[in-house]
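I am opening a notebook page on this structure, and I want to write down what I looked up, one topic at a time.

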Amino acid sequence: MIYQDSRTLLEVRGLRATVSGIEILKGLDFTVNSGEVHAIMGPNGSGKSTFAKVLAGHPAYTVTGGTVSFMGRNLFDLAPEERARAGVFLAFQYPIEIPGVANSQFLRLAYNTLQAQRGKDELDPLEFDDFVREKMKLLEMNPDFLDRSVNEGFSGGEKKRNEILQMAILEPRLAILDETDSGLDIDALRIVSQGVNQLANPESATVLVTHYQRLLNYIVPDFVHVMEAGRIIKTGGKELALELETRGYDWVGAEHLEQEAAGRVAA
Amino acid sequence: MNAIAAAGYLESLLAGQPHLPAASPALGWINELRAEAVDRVGELTVPSLRDEDWRFTDISQLTRLSFQRAQALTPLLPADIERFHIAEASNRLVFVDGLYAPRLSSIAADSGVVVTHLTEGGAEHAALIEAHLGRHANFGNNVFAALNTAFLQDAALILVPRNTTVSGPLHVLFIATQAGVASYPRCLLVAETGSAVTLIEDYVALQEAAYFTDAVTEISVADDAQVSHVRVQREGTQGFHIANCAVSLARASRYHSVSVALGARLSRYNLNVLQTGEGAECSVDGLALIASRQLADTHTYIDHARPFGISRQLHKCIVGGAAHAVFNGKIMVRPGAQRTDSAQSSRNLLLSDKAYIDTQPQLEIFADDVKCTHGATVGQLDNEEVFYLTSRGLSDDVARKLLTYAFGAEIIERIPVASLRQQLAQTVLAQTSGQP
Amino acid sequence: MSAVLQNLVNQPYKHGFVTDIESDVAPRGLSEETILMISAKKQEPEWLLDFRLKAYRQWLTMVEPAWPNVKYPPIDFQEISYYAAPKPKKKLSSMDEVDPELLRTFEKLGVPMHERAALAGVAVDVIFDSVSVTTTYKHKLAEVGIIFGSISEAVHEHPELVKKYLGSVVPVGDNFYAALNSAVFTDGSFCFIPKGVKCPMDLSTYFRINTEGSGQFERTLIIAEEGASVSYLEGCTAPRFDTNQLHAAVVELIALDNADIKYSTVQNWYAGDESGVGGIYNFVTKRGLCRGVNSRISWTQVETGSAITWKYPSCVLLGDNSVGEFYSVAVTNHHQQADTGTKMIHIGRNTRSTIVSKGISAGLSNNSYRGLVKVAPSAEGARNYSQCDSMLIGDRCSANTFPYIQVRNNRAKVEHEASTSKIGEDQLFLFAQRGIGAEEAVSMIINGFCKDVFQQLPMEFAVEATKLLGFKLEGSVG
């Protein structure tokens with residue numbers, strides 16, 4: 001939703017990043033205001049997931065240029081855990097399994113760390129249990145998940161729901177959902193989307209990274225961006241997603257090349 | 001067994017060796033390989049229970065008997081072996097007591113694959129043979145591989161050219177017909193880049209006296225090639241069967257093997273799979289179904305030497321009578337073989353009071369970003385399952401036989417050749433329903 | 001490996017100091033004369049000397065085991081001193097007469113020798129080099145009929161018990177190192193819980209190697225009679241020397257009908273330095289015999305020290321319905337090598353065993369689980385469940401699993417499972433993205449990984465074990 005009195009949450013200018021010496025992001029510009037829902041689309045290998053991970057501070061990626069400010073702060077001054085505590089949340093494309101660490105234990109530690117940061121009271125295990133069970137209802141999750149190890153033996157859909165549960169608990173300002181729809185059946189997709197929609201509020205924003213339009217039937221974006229070769233090459237409204245679904249990505253690239261050529265001629 | 005008797009035993013086995021005809025001039029190096037193997041046999045000793053590798057398998061009953069290499073080809077008519085034919089196989093190589101039997105073999109004219117044997121077609125493919133024969137199966141520390149190499153003569157050769165998919169499986173049939181004979185079957189399969197082939201290695205007998213099979217198989221799977229390897233050991237009840245198979249897997253190649261051990265008084269199968277290229281994938285499944293006083297020993301070694309390798313293994317033993325099954329499966333993940341994904345499972349069923357099993361699944365891991373699991377169970381049928389079937393009206397006895405059959409059938413079903421699958425399913429059914 | 005992980009796994013060894021105390025050290029070398037000397041010094045009865053000589057003669061015919069997955073230069077058994085003892089000023093009658101230097105040593109190690117300072121409800125037998133220097137709460141235990149003290153004393157005071165049970169679980173010729181121990185053992189703990197007595201406090205032995213060049217060969221014997229129960233703790237440290245020292249102990253446990261013995265070890269012998277120089281060779285034979293029906297023996301070990309560990313605390317489940325348990329955490333770092341596990345020998349009917357083994361390897365270390373589950377034809381209805389998990393920190397270490405499963409009974413059920421996991425960049429990033437720092441993340445992962453074992457430890461030991469691993473406990477120990 002676009003609000004009149006929204007403020008800028010995230011401002012990305014000319015972002016460049018490499019992994020193992022190969023440049024993936026090549027001068028990316030992107031702005032998110034509070035209350036908005038953005039979808040970043042693009043073919044495989046266009047750099048969408050890299051962008052998400054760079055924002056969260058994954059150590060495998062090296063930022064080589066550009067600036068990112070998050071709520072007025074330089075994001076690159078913050079360690080990954082500080083970004084999380086400041087309100088940047090990444091729902092992972094491939095959530096990893098942590099055998100031996102109970103989901104409830106993990107969720108409570110994460111929640112209490114954040115509460116302490118916000119100067120609020122931490123919850124004891126019983127209070128937290130009540131709190132988390134409420135959140136789980138939202139995602140139609142079985143409470144048994146609390147006793148299991150983090151993501152261990154979860155199906156693909158269960159892992160994704162567990163990601164959204166963490167988002168519900170941590171109440172981030174900026175939620176980046178990296179391919180959250182991949183591997184979900186229609187029911188799971190509906191439940192996950194409902195969860196995301198219910199968590200939306202005027203203070204926070206959501207960035208959906210996806211390469212299918214399907215998710216956008218459930219979570220309606222205010223803006224759709226097309227990414228290719230490490231840059232955003234086209235931005236439009238929700239109708240752009242439908243166009244991409246029917247026409248593919250090639251035409252966007254061609255149009256972009258034309259514009260660039262025209263730009264050069266004009267210059 | 002004492003050392004002197006053991007040395008004498010190897011000498012007596014080697015007695016027939018020097019009379020082998022020389023290989024063709026292009027394959028002159030094979031004479032050297034044989035000579036090297038003869039020397040190695042002289043330096044090695046017969047394994048005993050003191051050797052970690054043989055600690056559960058006592059071969060003294062084998063070494064008490066003496067065997068000689070077959071001197072002449074037993075005259076068999078095609079009708080004698082018809083029951084062993086596999087309908088889908090267009091190529092069949094038959095060896096009788098270790099000697100090539102051209103009149104029983106049938107080689108399709110243009111299946112795009114070279115199917116031959118060393119003495120006949122060796123010279124034509126000398127370079128390829130030299131690159132592979134004896135290069136995968138190391139006999140430095142393996143007296144039985146050394147013995148086989150010392151007697152290397154009528155090897156089955158299968159060469160699958162680049163990007164060739166061989167329709168229908170290739171059947172290599174080894175038949176034992178004479179008592180007191182030692183035979184040394186040898187098989188080489190080279191699947192070149194992008195090719196695909198199914199090999200059936202089949203050991204059968206037309207007699208019930210004691211004999212000795214000492215086999216070596218080498219399989220090289222090049223980049224992106226795929227080999228399915230079905231191995232059926234249905235030797236005679238008094239047969240001794242010791243076999244070594246070495247498989248080398250190049251980048252993104254796939255190897256699927258199903259080995260079934262049904263026969264022999266004593267059998268030992270060593271299968272070594274080495275992943276030499278990235279992203280190689282193998283599945284290594286096995287079933288040993290034995291009874292009375294049989295011993296079946298399977299040792300497998302899957303060596304993940306490169307990153308992104310995948311291996312899957314399910315080995316099952318069904319042991320009845322006073323039989324003894326041994327399984328030792330080692331998974332090695334070498335330094336640098338990151339993202340290896342390996343799962344191994346050993347499942348065993350003991351059907352009688354006197355049957356017993358030794359199983360050793362082993363993991364050796366030298367890389368940190370890997371996913372490896374293994375599991376082993378030894379037990380009897382699940383009472384819940386038996387109850388479920390009896391509650392539907394089956395007798396306890398029938399329910400148990402059915403579940404025992406199903407336990408073995410899980411492996412048989414993985415054989416990619418329908419007629420062989422059906423044939424073996426019948427065998428398993430007959431054997432499991434005959435159990436007390 | 002990330003810097004955080006490095007720091008967490010590379011905790012310095014805190015017990016590496018040497019106590020300056022006058023010791024009676026035997027000249028290096030081993031012969032029948034050495035054994036006669038040890039036996040004479042301890043004024044032993046003839047049967048014990050015969051026991052030693054029989055073991056020694058058998059040892060001469062044996063060779064060191066070559067099958068463990070460990071590498072070390074050959075040990076020169078003639079270069080070891082087989083006896084070292086702090087010289088007592090005079091015969092001790094109370095704690096106040098213990099050499100103050102010794103008192104300070106153990107205080108520094110956190111082992112209280114004064115009863116008034118002791119941890120509530122733990123009786124301690126303290127072994128310094130090869131001899132027992134003191135035993136706390138001895139008299140209080142004697143009131144309920146429990147004999148607890150050094151084995152040397154027991155030889156004189158309860159010869160019939162020692163003679164009856166010594167070598168009954170681990171025969172003199174059991175293996176190379178057990179034979180060596182049987183020939184030259186100098187001291188150790190002896191514990192006897194009479195029929196029907198539940199030991200009112202945890203019993204504990206603290207082992208300290210001090211003298212350079214001496215081997216430590218202690219012998220522990222614990223007997224729980226019908227219906228008795230005891231929880232026994234063992235801790236070990238040694239100073240930092242550049243030479244390797246041999247520790248070849250033998251522990252024998254005997255549980256009669258309905259008896260219950262729980263034996264917990266936190267082993268923190270000096271492991272050598274970062275480049276693998278020095279450290280203890282820990283070649284130990286530990287075995288429990290569940291002789292009676294419904295008896296139970298449970299081993300729990302946290303192995304963090306020693307340059308090389310070769311140790312398989314085992315249970316022989318002879319009595320019907322007897323239970324054997326083995327819970328182990330083995331941590332190796334730098335150049336440490338551990339080949340450890342257990343043996344569960346099922347002989348009685350309906351015997352049950354559980355094995356939970358957790359191996360953590362870091363640095364260049366090598367960590368192997370080796371376990372045998374053997375079901376004899378008589379072990380009708382036997383059950384075993386084994387779980388062996390490995391965790392790798394860094395890519396230059398190794399983890400191996402070698403289970404041996406031998407089943408001779410078709411109504412037995414044996415299950416073994418193993419898995420491997422890691423702590424790496426991706427795992428730490430997940431925690432960081434949820435606002436949790438690396439140190440806390442590692443602590444959580446390690447504690448989660450080990451909790452099945454830590455839960456088995458008595459509380460004080462659980463705390464000690466967690467501290468040893470250098471990680472916070474964070475509510476995962478129940």
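I looked up B:Ile365 and found that its bridge partner in E22(C) is C:Ala399; strands (E, at least two residues) and helices (H or I, at least four) are DSSP runs numbered from the N terminus. E20(B) and strand E22 of chain C (residues 398-407) run antiparallel and are joined by 6 bridges, where two strands pair if DSSP finds at least two bridges between them.

I noted that this is a predicted model, in which local features need pLDDT of at least 70 and side-chain atom pairs count only at pLDDT 80 or more, while totals for chains, interfaces and linings use all residues. Residues are numbered from 1 along each chain as its sequence is written, and chains are lettered from A and ligands numbered from 1 in the order in which they are written.

Next I turned to the contact as a whole, which takes 30 residues from chain B and 29 residues from chain C (residues are in contact if their C-beta atoms, placed from the backbone, lie within 7 Å). On the side of chain B that touches chain C, strand E20 (356-365) and strand E21 (371-379) of chain B each supply at least two residues, and E20(B) gives the most, with 10 residues.

I then looked at chain A, where 6 strands form an open sheet of mixed pairing in the order E6-E9-E10-E3-E11-E12. Its edge strands are E6 (88-91) and E12 (231-236) of chain A, each pairing on one side only. E6(A) pairs with strand E9 of chain A (residues 174-178) in the parallel sense over 4 bridges, and A:Val88 has A:Leu174 as its bridge partner in E9(A).

Conventions. Two residues are in contact if their C-beta atoms, placed from the backbone, lie within 7 Å.
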